[in-house]
Amino acid sequence: MFTEYEVQLRERFLAAPVSPAPPPWHPVFAPAVPAIRIGGLLGIGFALNPATGHDLVMVVSLDGHGLFDAATGALLARDRDPDPDTTDPTGPHLTCPGLGPLTGTQVPIAGLHGGGLHATTDDGWTLDAVSPDWPHHRVLLSTDGGLYHGPAGGDWWHIHHTTHAPLRAVGFSPTGRTLAVATSTELLLLARERVPFRTVLPSSVTGDESRTHD
């Protein structure tokens with residue numbers, strides 16, 4: 001049996017419309033697309049670019065590995081044929097070998113095989129994935145520690161809704177400057193830094209520049 005509070009919370013989540021994340025968060029891949037298609041996405045992981053200090057996002061999919069600059073949206077490196085022994089995250093920390101500026105390092109990957117990303121930032125942001133209409137997921141961003149008091153748009157926002165693709169990973173980078181929502185078909189990145197947008201070619205990653213609507 002659900003408590004009255006649980007019923008009210010579920011109804012609150014179901015009633016919340018999808019809305020953009022509040023400032024200072026902004027979509028990394030915009031204005032080209034809010035999110036990019038990556039078919040067969042298995043997991044993602046964060047690391048820092050040793051040259052620029054930007055957050056990097058490593059993507060592991062059935063079509064290989066890719067590395068994005070999370071501040072600019074630029075695709076930095078692509079490996080369509082990784083070593084079969086390291087294609088999927090392995091070991092106690094579920095890592096894959098880095099590529100591009102991360103060559104020679106191991107990157108922890110969260111997704112289909114397990115693992116996880118940061119759920120909070122040091123300055124009070126929280127991310128949760130809830131399922132009031134399972135198996136669909138709603139990604140919630142909040143500044144109240146995940147209490148979700150009152151309607152959406154005050155201290156919390158429903159920023160993404162997955163209905164057709166399994167959720168792979170949701171979370172912040174260790175720096176707290178970037179948040180990611182990854183499903184089996186697309187990657188959404190939001191950042192707090194504003195770095196001049198550089199050309200992103202989703203077709204280099206997926207062969208499909210179209211956007212999905214989850």
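Accessible areas here come from the Shrake-Rupley method with a 1.4 Å probe, and for residues only the protein chains shown count as cover. On that basis, the chain has an accessible surface of about 10100 Å², with 56% of it belonging to carbon and sulfur atoms. The structure is a predicted model, so local features need pLDDT of at least 70, side-chain atom pairs count only at pLDDT 80 or more, and totals for chains, interfaces and linings use all residues. Residues are numbered from 1 along each chain as its sequence is written, and side-chain values use heavy atoms, with hydrogens and water left out.

Now for the overall picture. The chain's secondary structure comes to 2 helices and 15 strands; helices (H or I, at least four residues) and strands (E, at least two) are DSSP runs, numbered from the N terminus. With a radius of gyration of 17 Å, close to the 17 Å that the globule rule gives for 214 residues, the chain is as compact as a globular protein of that length. That radius is taken over C-alpha atoms, and the rule is 2.2 Å times the number of residues to the power 0.38. Along its principal axes, the C-alpha trace spans about 50 × 35 × 35 Å. Buried residues account for 47% of the 214 residues, where buried means under 20% relative accessible area, exposed over 50%, and partly exposed in between (1.4 Å probe, protein chains only). As for contacts (heavy atoms within 4.5 Å), residues 24 or more positions apart supply 55% of those with a separation of 6 or more.

The loop between strand 3 and strand 4 holds Asn49, which is buried at a relative accessible area of 8%. Leaving aside residues up to four places away in sequence, Asn49 touches His54, Leu56, Leu76 and Pro101.

Another open sheet has 3 strands, in the order 10-11-12, and again the pairing is antiparallel. Its edges are strand 10 (126-130) and strand 12 (156-162), each with a single partner strand, so one side of each has no neighbour in the sheet. On average, neighbouring strands of this sheet are turned by 20 degrees against each other, direction ignored. Strand 10 and strand 11 are linked by a hairpin through 6 residues and pair over 5 bridges, with Leu140 in strand 11 as the bridge partner of Asp128. Strand 11 (residues 137-142) then pairs with strand 12 over 6 bridges, and there Val139 has His160 as its bridge partner. Helix 1 (residues 4-15) lies across strand 10, strand 11 and strand 12, at about 95 degrees to strand 11. Such angles run from 0 to 180 degrees between N-to-C directions, using axes fitted to C-alpha atoms, for helices over the stretch in contact.

Strand 13 (residues 167-172) is mostly covered, as 5 of its 6 residues are buried. It forms a hairpin with strand 14, with 5 residues between them, and Gly176 in the turn has a positive phi of about 80 degrees. The two strands pair in the antiparallel sense over 5 bridges, and Ala169 stands opposite Ala182.

What about the interior? A nonpolar core is a set of buried Ala, Val, Leu, Ile, Met, Phe, Trp, Tyr and Cys residues joined through side-chain atoms within 4.5 Å. The largest one has 20 residues, and Ile44, Val57, Val59, Leu187 and Leu189 touch the most other members. Strand 3 (41-48), strand 4 (55-61), strand 14 (178-183) and strand 15 (186-191) are the elements that give two or more residues to this core. A second, separate core of 15 residues includes Trp25, Ala35, Trp125 and Leu141.

Cis peptide bonds join Pro23 to Pro24 and Ala30 to Pro31, with omega about 10 degrees in the former and about 10 degrees in the latter. Tyr148, in the loop between strand 11 and strand 12, has a positive phi near 60 degrees despite being a residue other than glycine, and counts as buried at 3% relative accessibility.

Conventions: Two strands pair if DSSP finds at least two bridges between them.
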